[in-house]
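Dear colleague,

I am passing on the structure below, followed by some notes on what was found in it. Please read the notes with the coordinates open beside you.

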Amino acid sequence: ELRLRNWNPLPLPASSIQWLVLTHAHLDHTGYIPRLIKEGFRGQILASAATVDLARVVLPDSGHLQEEDAEYANFKGFSKHKPALPLFTYDEAVKSLEYFRAVDNSKPLQLSSHYTLEFLLAGHILGARMIGVTVRENGRTRKVLFSGDLGRFPQMILYEPVVPDGADYLVLESTYGDRLHPQDDFRARLASIVESTAARGGTVIVPSFAVGRTQELLYEFRELIEQGRMHSLPIHMDSPMGIDVTDIYLRHREEHDLETLALEASGIKPFAPPNVHFDRTREQSVALNDARYPMVIISASGMATGGRVLHHLERCLPEPHNTVLFVGFQAAGTRGQIIKSGAESVKMHGRQVRIRARIETMENFSAHADYGEILGWLGQFRKPPQKTLLVHGEPRATEALQEKIALRLRWEVSAPAYLQKVVL
């Protein structure tokens with residue numbers, strides 16, 4: 001149902017939209033843009049400078065991967081669709097970038113006499129912002145705050161989410177609305193997973209989001225090796241987009257927190273652990289198939305829905321000496337969720353692949369605030385919004401957060417359904 005929804009017409013004319021404002025560059029927040037333009041959108045797409053730079057990598061890469069996947073499906077004949085088609089192409093993604101505009105986040109942006117935008121640090125990934133929209137109509141003024149994806153407290157590389165002055169209406173994400181992140185020593189566990197796999201002669205495959213998660217993994221591996229808590233194994237970053245994104249992370253030092261800036265000032269490269277290899281070409285990626293020594297492979301996509309990681313999983317999942325390490329949320333219906341659930345096999349490239357490798361999960365790396373962090377952040381508001389609307393979560397997580405906000409904060413909170421209209 002969700003996959004098919006991407007192909008449905010937008011429930012309003014795309015040409016009627018004047019502005020599109022992005023909270024951040026992750027594909028679940030930007031991936032519909034080429035379709036929107038195909039349907040007639042000709043307005044401006046507004047975002048922070050770092051978000052625009054990331055989108056210039058994320059969208060064309062996604063179009064390219066979709067074209068590759070569709071071509072492979074047609075060649076192998078395993079798609080239900082004849083022919084299999086990409087949701088959007090590389091060229092359509094590149095065309096969409098013409099409509100992007102980087103805005104100065106240091107001051108409010110007045111779009112018109114009706115709308116003013118305010119961009120606030122969200123701490124989720126590089127360039128992530130909450131969006132405050134002040135609306136003036138019929139002599140009245142109202143402020144709607146869109147949280148976007150809310151980051152963690154504390155942060156590893158970036159500044160923490162700020163606490164806004166307040167809002168009349170809050171549209172709040174609820175990804176981790178039913179969970180708390182583990183409080184264990186995740187660095188020790190990460191080192192232990194790698195060391196034990198290496199002792200078995202195996203490879204650690206880490207399906208990782210190219211934006212945010214990959215950079216945090218490189219940061220942590222560097223620290224573990226420098227502190228002598230982990231051997232310096234070959235670490236392959238097999239993701240052209242991940243490599244480009246890491247370069248963007250290095251460029252946007254204005255987003256880095258004080259600790260990361262101090263590292264850079266002392267000459268340390270925060271995302272370059274010893275023995276790291278950045279595998280940009282297809283030949284470099286394919287060559288990993290013949291390597292028989294222990295190593296770590298970080299590759300996209302994070303939920304194993306596509307990309308180079310599928311080929312590494314297809315090769316490594318059947319072997320018990322290997323480990324697949326999930327370091328992020330796995331949405332319902334994705335291959336990552338199927339593998340993580342304990343299934344005996346998973347479908348890849350038209351065939352069932354047996355799962356015999358060790359499967360590990362670490363949720364400490366999540367870039368989303370858990371319900372404790374969300375409630376702590378909400379508790380710092382000077383006054384509650386008139387209404388809080390929960391979005392961006394699986395039904396169970398959204399319902400759980402709704403109950404917690406109502407019970408603990410006594411706020412008016414609801415979870416709108418798909419296509420439901422809310423009157424402000």
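In which helix does Gly-242 lie? Gly-242 belongs to helix α8, which covers residues 240-251. Please bear in mind throughout that this is a predicted model. The relative accessibility of Gly-242 is 0%, and because buried means under 20% relative accessible area, Gly-242 counts as buried. Once its neighbours within four places in sequence are left aside, Gly-242 is in contact with Ala-210, Gln-215 and Met-237. The C-alpha atom of Gly-242 is also separated by 8.0 Å from that of Ser-299, although the two residues are 57 residues apart along the chain.

Turning to the nonpolar cores, the largest has 64 residues, and those with the most contacts inside it are Leu-172, Phe-221, Ile-298, Leu-378 and Ile-405. Helix α7 supplies the largest share of this core, namely 6 residues. Leu-172, again with its neighbours within four places in sequence left aside, is in contact with residues including Ser-147, Ile-374, Trp-377, Leu-378, Leu-401 and Ile-405. There is also a second, separate core of 19 residues, and among them are Ile-205, Met-295, Cys-316 and Ala-357.

As for open space, the second largest pocket has a volume of about 430 Å³. Its lining is made up of 24 residues, of which Arg-152, Pro-154, Met-156, Phe-186 and Asn-364 are the closest to its centre. Two or more residues of that lining come from each of α6 (186-199) and α7 (213-226), and α7 gives the most, with 4 residues. By class, the lining of this pocket divides into 8 nonpolar, 8 polar and 8 charged residues.

The largest cavity holds about 80 Å³ of space and is lined by 14 residues, with His-124, Leu-158, Gly-212, Glu-216 and Tyr-249 lying nearest its centre. The lining of the largest cavity comprises 8 nonpolar, 4 polar and 2 charged residues. In the second largest cavity there is about 40 Å³ of space, and the residues that line it include Leu-121, Ile-125, Arg-129, Leu-158 and Glu-255. The lining of the second largest cavity has 6 nonpolar, 1 polar and 2 charged residues.

With best wishes

How values were computed
Residues numbered from 1 in each chain as written. Predicted model: local features only at pLDDT ≥ 70, side-chain atom pairs only at ≥ 80, totals over all residues. Heavy atoms only, no water. 1 Å grid on protein atoms, 1.4 Å probe; cavity = no way out; pocket = protein on both sides within 12 Å on 5 of 7 lines; lining within 4 Å. Points joined across faces, edges and corners; volume = space filled by probe spheres on them. Nonpolar A, V, L, I, M, F, W, Y, C, P; charged D, E, K, R; others polar. Core = buried A, V, L, I, M, F, W, Y, C linked by side-chain atoms within 4.5 Å. Buried < 20%, exposed > 50% of the residue type's maximum accessible area, 1.4 Å probe, protein only. Contact = heavy atoms within 4.5 Å.
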